[in-house]
Amino acid sequence: MSEKVVYQDNKIIPQSILEEAKTALSYYPELKDVKIEFRYKEDIKKSFMQAQPEFSNLFKGKDDRSYNVFISSRFLIEEEEFSMADVPSEVLIGWLGHELGHIMDYRDKSAAGLIIFGLRYVTSKNYIKEAERAADTYAVNAGMSDYILATKDFILNHSHLSDSYKERIARLYLSPEEIIVLVNKLEEDLEKAEQEGS
Ligand SMILES: [Zn+2]
């Protein structure tokens, strides 16, 4: 579908989202040595993107693991179909930043922990909520709040998306208000740290 580019020696990125992926990755220096492949996939149920550990090397140990970020080639949500061209760059960066937040979350889990995580994710709504919020929180803490807000705004205010999809996003993810609270808290902590340091 799109030519692939190798970046940082260990990231494989389709040319069509290269700049956005580079920007999102720049917020996560911790992922510099982590192998990640961004790939298009035909049908991802109910979402535009999905981050997963690569199953074939799941048991190799935390440092040798690699991850996939699957991107829906059609961006078909409910019955509505979009193309990548309909998605503004900053929204795409926010989306990728959220997925990289999932990888940050996966990094510290053991193989068994990840399997349990996967099972809980498909069986428990509360667990989905916890995992999605963890990913958003990683992205906001990494400094990506403006992008995350742009993504949220795009989803929640986009007339092409069904109400049930919007409702799902509003229910499971951090709300824009919660993100602002988180950013304010980060800034407070930073000021405190600066005052203590002076
Ligand atoms: Zn997610």
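A: A nonpolar core is a set of buried Ala, Val, Leu, Ile, Met, Phe, Trp, Tyr and Cys residues joined through C-beta atoms within 7 Å. Buried means that 20 or more other C-beta atoms lie within 10 Å of the residue's own (12 or fewer is exposed, in between is partly exposed), with C-beta atoms placed from the backbone. The model is predicted: local features need pLDDT of at least 70, side-chain atom pairs count only at pLDDT 80 or more, and totals for chains, interfaces and linings use all residues. Residue numbers start from 1 along each chain as its sequence is written.

Start with the whole chain. The protein chain has 198 residues, and 28% of them count as buried. There are 7 helices and 7 strands (DSSP runs numbered from the N terminus: H or I of at least four residues, E of at least two). From the N terminus on, the order is β-β-α-β-β-β-β-β-α-α-α-α-α-α.

Now the core. The largest one has 37 residues, and Leu100 and Ile103 touch the most other members. Two or more residues come from each of helix 1 (18-26), strand 3 (35-41), strand 5 (66-72), helix 2, helix 4 (125-141) and helix 5. Helix 2 gives the most, with 9 residues.

Look at Ile103. Beyond its neighbours within four places in sequence, Ile103 is in contact (C-beta atoms within 7 Å) with Leu31, Val34, Ile36, Ala51 and Tyr67.

Helix 2 lies across strand 3, strand 4 and strand 5, at about 20° to strand 4 (angles run from 0 to 180 degrees between N-to-C directions of axes fitted to C-alpha atoms). The sheet itself is open and mixed, with 5 strands in the order 1-2-3-5-4. Strand 1 (4-7) and strand 4 (49-53) are at the edges, each with a single partner strand, so one side of each has no neighbour in the sheet. From one strand to the next, the twist averages 25°. Strand 2 (residues 11-14) pairs with strand 3 in the parallel sense over 2 bridges; pairing takes at least two DSSP bridges. Ile12 stands opposite Glu37 in strand 3.

Helix 2 (residues 89-107) packs on helix 5 (residues 145-157) too. Their angle is about 110°, and their axes are 7 Å apart. Helix 2 brings Glu90, Val91, Ile93, Gly94, Trp95, Gly97 and His98 to this contact, and helix 5 brings Tyr147, Ile148, Ala150, Thr151 and Phe154.

Note on methods:
Two residues are in contact if their C-beta atoms, placed from the backbone, lie within 7 Å.
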